[in-house]
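Take a moment to look over the model below, and then we will walk through it together, one part at a time.

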Amino acid sequence: MKFWISFLIFFLAIQFIVVECKSNITSNPKDEIIAPTNIKEILKRSCYDCHSNNSIIPWYGNVAPISWYVRSHINDGRKVLNFSTFNTLPKDKQQKKYEKIEESIVIRMPLSTYLWIHSDAKLSDEDKKILKEWSKEEQKNIVLKSN
Ligand code: HEC
């Protein structure tokens, strides 16, 4: 009994430690990544929760300690790659990001812990193929355009 009371007090106390993370940041639609509709659909379904200004933070994203984990993933994800502001990056940076996208979808994105709950975000082999071809193509296009 004593254990559970201590646990409850601990649990309530940690709720005051909040990791800041906004779910909806207003951004200019013009700054969003330009991509064909089928690509956008995949990105929105599988990546936008951590790599855009319009993350959907689930209820457990408000309950510590899980919230620390969920919110810091969103913050870190946005920091390295934000599809809502992708178009504001200089072309050489965009090219690097396309390269990273090509690598990441094969190995580790979306994060496996995210997929435990969001199984619909899992990339099918077909999705992977489509994303890979698209990101490869974009790397080439950017070089051509900037020459
Ligand atoms: C649950 C959150 C989450 C989801 C969903 C997610 N990512 Fe990430 N992603 C991260 C985090 C956190 C990082 C940074 C830390 C790291 O590299 O592991 C990251 C890093 C990356 C990077 C590396 C960027 C760089 O410049 O180093 C790429 C590329 C990327 N993600 C692409 C994707 C793509 C494409 C999808 C969808 C198929 C996706 N991510 C889905 C959280 C996520």
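Helix α1 covers residues 2-14, which makes 13 residues. From its first C-alpha to its last, α1 reaches 18 Å, close to the 18 Å expected at 1.5 Å a residue; the expected span is 1.5 Å times one less than the number of residues. A helix here is a DSSP run of H or I with at least four residues, a strand is a run of E with at least two, and both are numbered from the N terminus. A residue is called buried if 20 or more other C-beta atoms, placed from the backbone, lie within 10 Å of its own.

Before going on, note that this is a predicted model: local features need pLDDT of at least 70 and side-chain atom pairs count only at pLDDT 80 or more, while totals for chains, interfaces and linings use all residues. Residues are numbered from 1 along each chain as its sequence is written.

Now step back to the protein chain. It has seven helices and zero strands. Of its 147 residues, 21% count as buried. The C-alpha atoms fill a box of roughly 70 × 30 × 20 Å along the principal axes.

Finally, find the ligand. It is surrounded by 20 residues, and the closest are Cys47, Cys50, Gly77, Pro110 and Tyr114; a residue is near if its C-beta atom, placed from the backbone, lies within 6 Å. Two or more residues of this shell come from each of α3 (48-51), α4 (66-80) and α5 (91-107). Which element gives the most to the shell? That is α5, with five residues.

Notes. A residue is buried if 20 or more other C-beta atoms lie within 10 Å of its own, exposed if 12 or fewer, and partly exposed in between; C-beta atoms are placed from the backbone.
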